[in-house]
Amino acid sequence: MDLNLNGKRALVCGSTQGMGLAIARELANQGARVTLFARNENALKEVVTTLPGEGHDYLVADFDNLEGVRKKALTGIGGGDYQILVNNTGGPAPGKIYEAEISEFEVAIKRHLYVSQTLLQLLLPGMKAANYGRIVNIISTSVKIPIPGLGVSNTVRGAMASWAKTMANELGQFGITVNNILPGFINTGRITSLISNRSKAQGRTEEEIKAEMVSSIPAGRFGESEEIADCATFLCSPSGAYINGTSLRVDGGRTGSI
Ligand SMILES: NC(=O)c1ccc[n+]([C@@H]2O[C@H](COP(=O)([O-])OP(=O)(O)OC[C@H]3O[C@@H](n4cnc5c(N)ncnc54)[C@H](OP(=O)(O)O)[C@@H]3O)[C@@H](O)[C@H]2O)c1
């Protein structure tokens, strides 16, 4: 198996904490030079010094400001020689879909789809020139079965999955793969805040909510960010070359569809 990413450059979005950070770290472990991309400059400064290897850097922008992302990315990586793009950012706010405002859809679609499209277009020439590209999108198992209480998120994840599949069809001929990782319940800040929201909405303790969630997972536990990172790194590696256009669940078996 060839996981060697020496000589490869990776742009990893949403990489100050959680799954994005774990992915950045594992890509660097395998030899890639990583550019981190998120909002919190202090966190980025600190994280970049902890990555193994050399030549890592970071970009700062809020993905809710598309023009800001475009400008930062143009100056920071425009024309740059990147072979790996990991699309990842904060999840949309929870809530029932029939109560969602149009503005909530607009924010979510920009933060996820429009930013991913913008970054893809910047990095694509370099990937084509290298005849090597790996695009990995961190989305959600809601692509398979919508998750109650995450109406806007379910909708936008579906759009991301269709975007990715369409692109996989178009870009396979250039040695570029496009895949989605669908994380189950993973121990990060996002899951802690979802548990807290459900606890308040349902008037039950956080322990009860968490126990109920764990009971729905055949593996009997939440996953760890590193388990997502291992999967992402494999997809980005030379050994992942023939996996294209897929949505891979990393959920301990939780999603109840084939
Ligand atoms: N954890 C789970 O169980 C789970 C399950 C399924 C899907 N997901 C989805 O997977 C993705 C990652 O989840 P996670 O649990 O790793 O999340 P997390 O721990 O909350 O980390 C989110 C990352 O995205 C960055 N970010 C958030 N909002 C941003 C914005 N507006 N612009 C730029 N960067 C932004 C954050 O950095 P800054 O704050 O520095 O910007 C952070 O590095 C999310 O979309 C989440 O909804 C999570």
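Analyst: Let us begin with the contact between the two domains. Here 13 residues of domain 1 are in contact with eight residues of domain 2. Please bear in mind throughout that this is a predicted model.

User: Which residues belong to domain 1 and which to domain 2?

Analyst: Domain 1 comprises residues 9-184 together with 224-249, and domain 2 comprises residues 187-222. Their centres, taken over C-alpha atoms, are separated by 25 Å.

User: How much area do domain 1 and domain 2 bury between them?

Analyst: About 700 Å² is buried between the two domains, and 42% of it is on carbon and sulfur atoms.

User: How should I read a salt bridge, and how many does the rule find across the interface of domain 1 and domain 2?

Analyst: The general idea is that side chains of opposite charge can pair when their charged atoms come close. In this structure, the rule finds one salt bridge across the interface of domain 1 and domain 2. Arg 221 forms a salt bridge with Glu 227, with 2.8 Å between the closest N and O atoms.

User: Which elements give two or more residues to the side of domain 1 that touches domain 2?

Analyst: They are helix 1 (18-29), helix 5 (151-171) and helix 8 (225-236). The residues of that side of domain 1 divide into six nonpolar, four polar and three charged.

User: How many salt bridges does the structure hold?

Analyst: The structure holds five salt bridges. One of them joins Arg 9 and Asp 57, whose closest N and O atoms are 3.6 Å apart. This pair links distant parts of the chain, since Arg 9 is in strand 1 (residues 9-13) and Asp 57 is in strand 3 (residues 57-60), 48 residues apart.

User: Let us turn to the ligand. Which residues that surround the ligand are the closest?

Analyst: The ligand is surrounded by 30 residues, the closest being Thr 16, Arg 39, Thr 89, Arg 157 and Thr 188. For Arg 157, a polar side-chain atom lies 2.7 Å from an oxygen atom of the ligand. Backbone atoms also take part in such pairs: a backbone N or O atom of Met 19 lies 2.9 Å from a ligand oxygen atom, and a backbone N or O atom of Gly 91 lies 3.5 Å from an oxygen atom of the ligand.

How values were computed
Residues numbered from 1 in each chain as written. Predicted model: local features only at pLDDT ≥ 70, side-chain atom pairs only at ≥ 80, totals over all residues. Heavy atoms only, no water. Domains from an automatic or database assignment. Contact = heavy atoms within 4.5 Å. Buried area = accessible area lost by both parts, 1.4 Å probe. Salt bridge = Lys/Arg side-chain N within 4 Å of Asp/Glu carboxyl O. Helix = DSSP H or I, 4+ residues; strand = E, 2+ residues; numbered from the N terminus. Nonpolar A, V, L, I, M, F, W, Y, C, P; charged D, E, K, R; others polar. Near = heavy atom within 4 Å. Polar contact = N/O pair within 3.5 Å; in protein donor to acceptor, adjacent residues only side chain to side chain.
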